[in-house]
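Colleague: Please take a close look at the aromatic side chains in this model. Start with how they group, then follow them out to the strands and the surface.

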Amino acid sequence: MEICAENDESYFDKYLNEVLYLFENTDTDVIVFEDIDRYNAQIIFERLREINTLANLQLEKDNKVLRFFYLLRDDIYDSKDRTKFFDYIIPIVPVIDSSNSFQQFITHFEKSGIYEQLDESFLQGLSLYIDDMRLLKNIYNEFVIYFNRLNTTELDCNKMLAVITYKNIFPRDFADLQLNRGFVYTLFNQKDEICDDERNKIEKNIEEIQKKISSSKNEYLTSTHDLNLLFAAKYLKNYSWPTNDDNVFTEFIKDHLSGNNKDNYLSRTQILKENLNVDIDELNQEIQNLKQKVIELKNKPLHEIITRDNIDKIFSITSENEIGIVTDFKDIKSNEYFDLLKYLIRNGYIDETYADYMTYFYENSLSRIDKIFLRSVTDKKTKGYLYHLENPKKVISRLRLVDFDQEEILNFDLLTFLLNNQDNDNYLNRLLNHLKCSKNFDFVGSYFDITTKLPEYVKKLNIVWPDLFNELLPKDNFSESQIHKYSIYSIYYSDDDALALINKDNCLRDYISNKRDYLAIEEPDIDKLIHGFKLLKVSFVGFDYDTINKDLFNEVYNNSLYAINNENIQLIQKNILNVTNDENIIHKNYTLMTSHPDSALTQYINWNINEYIDVVIDMCDGEVYDDENIVLDLLNNDDLTLEHKQSYISVLETIITNINDIEDTTLWTSLLNADKVKYSESNLMDCFNTLGLTDNVISYINSFNIDLDFSKYECDENNKAQLFDSITMCNAVDNSKYKQILLSLRFKYTDFHCVEISVDKITILIDTKIIQMTEDNLKFIRLNYHKQLFHFIHVNIEEYIEIMTDSLLEQEELLEILDWDISDEQKIKLLELTDSEISIINKNYSVAVALYILKNNHDDSDLPKLLSSYEDWDDSIKDIISNYAAKDIESIIDNPSDVSKKLIINLFHSNKITRDDKIDLFISLMPSLNIECIKGLLELLGLKNYLRIFESHSRPRFTINDKNEKLLQALKENNLIVDYCENPRMKGYYKIIKKKSPN
């Protein structure tokens, strides 16, 4: 009482006499005190010792001794003080402690026949904490009672023993637990908060992965080189960049950037390096796996959440009530058996099902867990999708239909029950409709992974929410594997009408078609899948052949449920048709196809020939070498559009032997442009007859270094003639081809009327004598090709001479021809046709031609030149010149200086000139003659008397007449005499006054 007293008054002093009286009058030698040590208060023993001492003082007179015995623990005193306090200490060997309690458990449980139902390892663990025999026995006794009363529902005996142990060690907390309070209740009730740390870590990890995905999608660059070019172009325009080596380029960028620009560059570089190793599909799958961990975390029992790292934090929980009072459970945490409680909870012996081990089970009653769920619905406090319901049927019986319109109703166990029981279809439809209206993809996706009722789930979802698949695709709530499985089950368990509704905007079809590993399905229902694929009009764009189900793939192949593209065609050719030559696949694909005429692929591409040709053009690297017969089949295929035929021709390398084999003549131009027509007489003639001499045909003619010989080619002569005329008038044909083809056609023009033919072409026509020398052709050439006229005449000189008449001959042509290197006879024949004057001055005419001209076509204007160049001419011509000089002596007398000296001498000797003309010529020449020449000419002229003028001491006489007067006057004018006059002494004679001779 004193220990518990709250006032200062001492009960010991107050009741001391009564206590002493009691002990004095008790006929007892020993009083035993037990369990006093549980108060952990040494003062009790001090007061009892005082009582013992006082009592013995009173009993001494009666020669009695009263002894106090204390049964207590060794640790009531912490030091050797206990030896001073007690007179005698008798140790007691413990009956039980933690080292042997396990055996005591076995002994007791074996007696009751329960041992076999307990886990020996659990008993071993439990025994480490039980060190009191009374506690052990009480635990055992209560366990037997609970076991016999509660074990009607096959409860776990280990968990029951754990709860009974907890009840005996912490009876108050056990009582609180039944009232939904206390330490253990708080621990399990705060499990969601306990999970927050782990959940936050996972969600942070998810956020980091999402940032990686976002960064990867936002980063449009694909290489470090591109990044270097971007920064160099933006910030380093004034530098020369070392772009050949990426490593050098990178260091260059780092060295020349600074500040924020450099930081930005380094950041982008790091992001780019990470992105190059990023697989977005793998990251998305990792996110789904982490989300699944969050779901599993919510569903984990508490003992699985407890780890070595968080155990101290978890067991240090506190509780705060509605008015803010915080309970820290120090009495529990400070208890010596707290570690035992932690052991029981940490190892799952006390878990969320503890209520089953505390009260009776009544079959028609709700469990505490189910009741909590119903309360969460009415209180609108969600317990989470994973909250476990023990009896969903009873839960549903307590729910109204309207309750299925609220968020708190969403529970996996509840949905599973509804899927299993068609009698509750209204509830199921209402719940699924709530998911649809709230767009709760999280619940839909989370349940997808944990349910065993996936077929029923997908079927019902598609009926109530047909747009779900279309709405799921852009979301992240479903993983790729979930969507894949969802689509498969939709095909399996949805009827045709439902499947059509699901395929809104072709979402299901496009998803299946674009998923390369879609056929990677274990044990597929091939018939259902193929039926669904056909209904949806699936067309697979590609396949991960190594991973897909081959039987399913073969059916997809046989039913042509794939896109005609490069990848698929090559895949099938290699793996189905066993084609091994890659070059043939690339360059002779249709030839390969026709070698397997009965294959599904060949039939499929023939049905879709235009689409196939697009693929062929795309994969052929610009070169198709299909066999010629295959090319003809394609180009003559009416199902192939003209555009596709022309595209095919643009990459075709195969030569068409006979262009007439191509039925559509509109393709001929494309074939000619592509140089894919064999160069031959027949092909040229066919093209000409069909197309005319178009630019394409002309290009075809010019493209080959092969001579065509139409002389041996048999065809209608009119066609040849038309080709001949067309090529003749075509300036675009190469000269060599022009000449060769025209010659081989062997036609001539006797009446040529083609105008505007180029110089080189008209020259060819002249050289080859295709334009023959006729009067009409000559006149046409003169009029239209005057610059080529002389060439035309020269090539055809003999024919020209033969057809020439005086009326046809033109002086210009004659003068040109006279300069040519042809025979004198030919020239003279032409000269005979004209009497026109022709100059021979500065001409290299032969003697015969010159003689003929001088005789028949003398040009008077040539005479001065002939006179001056007399000595340069042939003797026969000199004679003609002399004759012309004699005839024109007066002109020579008037201007003798321009006459050849030799000619003048010949004239003095000529008998065709009179003596008077010679004298006049002498007089005219006198100024230019020296004395000796004058003397010689005087003698030549027979005027010897005049020689005396030059003799000293002579006095010549000259009869006065006109001749002598002219001579004397000339002598005087040329200072050969001083003067002359009539001799006074001799009438009728001139007196000569000579010059005085020098001394």
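Modeller: Two rings of Phe, Tyr or Trp count as a pair if their centres lie within 6.5 Å, taking the six-membered ring for Trp. Planes over 60 degrees apart make the pair edge-to-face. The model is predicted.

Now the cluster. Ten names belong to one aromatic cluster: Phe448, Phe469, Tyr486, Tyr511, Tyr518, Phe533, Phe540, Phe543, Tyr545 and Phe553.

The structure as a whole holds 49 aromatic pairs. One of them joins tyrosine 492 and tyrosine 493, with 5.9 Å centre to centre and 90° between the planes. That angle is over 60 degrees, so the pair is edge-to-face. Tyrosine 492 has a relative accessible area of 15%, so it is buried. Tyrosine 493 reaches 32%, so it is partly exposed. Another pair is tyrosine 545 with phenylalanine 553: the centres are 5.3 Å apart and the planes stand at 80°, so this pair is edge-to-face. Both residues are members of the cluster. Tyrosine 545 is buried at 19% relative accessible area. The cut-off for buried is under 20%. Phenylalanine 553 is buried at 1%.

Next, the strands. Strand β7 covers residues 989–993. Tyr990 and Ile992 make up its covered face. Tyr989, Lys991 and Ile993 make up the uncovered one. Tyrosine 990 is the partner of phenylalanine 958, and isoleucine 992 is the partner of tyrosine 980. Strand β5 (residues 958–959) pairs antiparallel with β7 over 2 bridges. Strand β6 (residues 979–982) is also antiparallel to β7, joined by 4 bridges. β6 and β7 form a hairpin with 6 residues between them. Glycine 988 sits in that turn, with a positive phi of about 90°.

Last, the surface. Phe69 and Tyr88 take part in a nonpolar patch there, along with Val30, Val32, Leu71, Ile90 and Ile92. Together these residues have about 730 Å² of accessible area. β1 (30–34) and β2 (67–71) each supply at least two of the patch residues. Tyrosine 88 lies in the loop between α4 (81–85) and α5 (101–111). Its relative accessibility is 67%, so tyrosine 88 counts as exposed.

Definitions and conventions: Residues numbered from 1 in each chain as written. Predicted model: local features only at pLDDT ≥ 70, side-chain atom pairs only at ≥ 80, totals over all residues. Heavy atoms only, no water. Patch = residues over 30% accessible without salt bridge, like charges linked within 9 Å, V, L, I, M, F, W, Y side chains within 5 Å. Areas by Shrake-Rupley, 256 points an atom, 1.4 Å probe, with all protein chains shown as cover. Salt bridge = Lys/Arg side-chain N within 4 Å of Asp/Glu carboxyl O. Buried < 20%, exposed > 50% of the residue type's maximum accessible area, 1.4 Å probe, protein only. Pairing = 2+ DSSP bridges. Phe/Tyr/Trp six-rings, centres within 6.5 Å; stacked < 30°, edge-to-face > 60°.
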